[in-house]
Amino acid sequence: MHTLQISLYTLVFLIVLALLFGFMNGFNDAANAIATVVSTGVLKPQQAVAMAAMFNFVAILVFQLQVASTVGKDIIDPAVVDHYVVFGALVGAIAWSLVTSYQGIPSSSSHALIGGLIGAAVAKDGIGSLIGSGLVNFIAFVVLSPLLGLLVGSLMMLLVSWVCVRSTPRRADKWFRRLQLGSAAMYSLGHGGNDAQKTMGIIWMLLITSGYSGSNETLPAWAVISCYCAISFGTLFGGWRIVKTMGQRITKLKPVGGFCAESGGAIMLFVTTAMGIPISTTHTITGAIVGVGSVKKMSAVRWGVAGNIVWTWVLTIPASAFMAAMAWWIGTRLL
């Protein structure tokens, strides 16, 4: 990466903006982590967000920084990165997250961030600023994450149904109300591990291009801790409009369904985070919820609601890219 000469004031401003995105990420995605456990009545909302926030932060002890490296180095050409590109990407991602959160639609903050990076980089230096291989891998998992979430959620539901075939509904409900505490915790752990690192990737990119960190140096501990704190605090203030959409409007969930959806989502997040793949936690858990509902019967899923969510997913990357391009242009005149 080339080294830029930017003021310490500008650097601090952009780091604060990145942490604001991390907060918004936690705020939007809190619903993903707690919707099932709240909607099934296993935990009260305040208890659920506290648990989710705690495990978001505990992820700092579990996962290495492969996802942060992918976001920081493998999506856009590092030579294109400057403070204007970072500003545009963050403003575009935050703006789209605010719009969808207000509407109660579970969009992907992760995809909004990548869309923001793409829009700002293309606005500065054209299509050639994108790294083809990294972009192909990312787009592949845009499609695969909800499908794999649906598949794993369905398989979990089928497996659990087979194991509990001789159990009474009342007894199964009692056990899965307890087990859902563990599945919700594991999902929150995977969510923190994958999503907090996306903010780290932006800060890492910024520190290297500004000369405050070497390209071969590790991300400073203060940046890692602050990113986990940002997403955890965002989760504490969770997006309640989205909880209703995720937990009840797509399909009616019982504790066994909540357990299967969360477990399927957690498995996906653990595997992809270990591989360094930045996936959408929103897409993954939504796919798992649809998979759980479809195992019971296809009509158990409200396909109209699911279709509206899919349209939001389709729009997220181009919409955030457009907003980021506009923000990049504004940033070149303000920063």
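This is a predicted model: local features need pLDDT of at least 70, side-chain atom pairs count only at pLDDT 80 or more; totals for chains, interfaces and linings use all residues.
Residues are numbered from 1 along each chain as its sequence is written, and side-chain values use heavy atoms, with hydrogens and water left out.

Let us stay with this pair for a moment. Two packed helices are described by the angle between their axes and the distance between the axes. Helix α10 covers residues 255-275, and it packs against α7 at an angle of about 30°, with the axes 7 Å apart. That makes α7 roughly parallel to α10, because angles under 35 degrees count as roughly parallel, over 145 as roughly antiparallel, 65 to 115 as roughly perpendicular and the rest as oblique. The axes themselves are lines fitted to C-alpha atoms, for helices over the stretch in contact, and angles run from 0 to 180 degrees between N-to-C directions. By class, the contact of α7 with α10 has 12 nonpolar, 12 polar and three charged residues. Here Ala, Val, Leu, Ile, Met, Phe, Trp, Tyr, Cys and Pro count as nonpolar, Asp, Glu, Lys and Arg as charged, and the others, Gly among them, as polar.

Now step back to see the whole chain. It has 12 helices and zero strands; helices (H or I, at least four residues) and strands (E, at least two) are DSSP runs, numbered from the N terminus. Of the 335 residues, 59% count as buried, where buried means under 20% relative accessible area, exposed over 50%, and partly exposed in between (1.4 Å probe, protein chains only). Among contacts in the chain with a separation of 6 or more, 90% are between residues 24 or more positions apart, and contact means heavy atoms within 4.5 Å.

Helix α7 has other partners to visit. Helix α5 (residues 109-125) packs with α7 (residues 169-209) at an angle of about 20°, with their axes 10 Å apart. That makes α5 roughly parallel to α7, and their crossing is left-handed. On the α5 side, Ser110, Leu113 and Leu117 meet Asp195, Lys198, Ile202 and Met205 of α7. These residues divide into four nonpolar, one polar and two charged.

Helix α3 (residues 66-73) meets α7 at another angle: the axes come within 7 Å and cross at roughly 45°. The two helices are therefore oblique to each other, and their crossing is right-handed. Among the residues making the contact are Val67, Ala68 and Val71 of α3, and Gln197, Met200 and Ile202 of α7. By class, the contact of α3 with α7 has seven nonpolar, six polar and one charged.

Next, look inside. A nonpolar core is a set of buried Ala, Val, Leu, Ile, Met, Phe, Trp, Tyr and Cys residues joined through side-chain atoms within 4.5 Å. The largest such core has 68 residues, and Val37, Ile76, Leu90, Leu117, Met200 and Ile202 touch the most other members. Helix α7 gives the most to this core, with 12 residues. Ile202 is in contact with Ala18, Val71, Val86, Leu90, Leu113 and Leu117, leaving aside its neighbours within four places in sequence. Apart from this core lies another, of 20 residues, among them Ala172, Phe176, Ala266 and Val292.

Gln180 sits in α7 and counts as buried at 0% relative accessibility. Its contacts beyond four places in sequence include Thr36, Val37, Pro255 and Glu262.

Asp29 lies in helix α1 (residues 8-39) and is buried at 1% relative accessibility. Not counting residues up to four places away in sequence, Asp29 touches Ser107, Ser109, His191, Asp195, Thr281 and Thr282.

Finally, His283 belongs to helix α11 (residues 281-296) and is buried, at 1% relative accessibility. His283 and Val143 are 140 residues apart in sequence and 9.0 Å apart in space, C-alpha to C-alpha. Leaving aside neighbours within four places in sequence, the contacts of His283 include Ser108, His111, Pro146 and Trp313.

Technical notes:
A crossing is left-handed if the near helix is turned anticlockwise from the far one by less than a right angle, and right-handed if clockwise.
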